[in-house]
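Open your viewer and get ready to select side chains. This tour goes from stop to stop.

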Amino acid sequence: MLFRSTVETRRSESAQGLHVAASHDGYAARFGLVHQRRMMLSPNGAGLSGADRLIPAGAGKARKRRAPIPFAIRFHIHPDVRISLSQSGGSVILKLPNGDGWRFRCGGALSLEESIYFGGGSPRRAEQLVISGEVADQPVDCAWVFEPVGLA
């Protein structure tokens, strides 16, 4: 089956930082969803915030209710980065090889899963951050942020 998907992107800069907005309908044929992502990198590069939005086809229109569809938003992490999930499960600390630290927070159910890194010539074990949830008749928004933290 051949189908065309629509991909849209926008990039802009302001005093608040670099902004990127993108969307695609690659999940529309199979799941009836459009995916949008907005990201903002702070002017000094010290923080990256974003939001993913999943929009059901025909959202807001009167129609038959649909069963919830599970989703997973994945952030694959380089294998040299160490990850610690907070006890509350709402954030993780990422420790870089040079000792710098970053915190990842999100507005959804957060978990860690195994991943594979294919850079550098041979596959290596890695991890990924996974935000999961369900989308049914209304759009679902999931905000997230990477921010630097001081590590002792």
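The stops below visit aromatic rings and then cysteines in this predicted model.

**Stop 1: the aromatic rings**

Start with the whole structure. How many aromatic pairs does a search find? The search turns up six.

Now select Phe75 and Phe146. Their rings form an edge-to-face pair, with 75° between the planes. Centre to centre, the rings are 5.8 Å apart. Next, colour the strands. Phe75 belongs to strand 5, residues 69-77. Phe146 belongs to strand 11, residues 140-149. The two partners are 71 residues apart in sequence, so this pair ties together separate parts of the chain. Are these two residues buried or exposed? Phe75 and Phe146 are both buried.

**Stop 2: a neighbouring pair**

Trp144 is buried, and so is Phe146.

Together with Trp144 and Phe146, they form one aromatic cluster.

**Stop 3: the cysteines**

A disulfide needs the two sulfur atoms within 2.5 Å. Across the whole structure, the search finds zero disulfides.

Check how covered each cysteine is. Cys106 has 16% relative accessibility, so it counts as buried. Cys142 has 4%, so it counts as buried too.

Conventions
Residues numbered from 1 in each chain as written. Predicted model: local features only at pLDDT ≥ 70, side-chain atom pairs only at ≥ 80, totals over all residues. Heavy atoms only, no water. Phe/Tyr/Trp six-rings, centres within 6.5 Å; stacked < 30°, edge-to-face > 60°. Helix = DSSP H or I, 4+ residues; strand = E, 2+ residues; numbered from the N terminus. Buried < 20%, exposed > 50% of the residue type's maximum accessible area, 1.4 Å probe, protein only.
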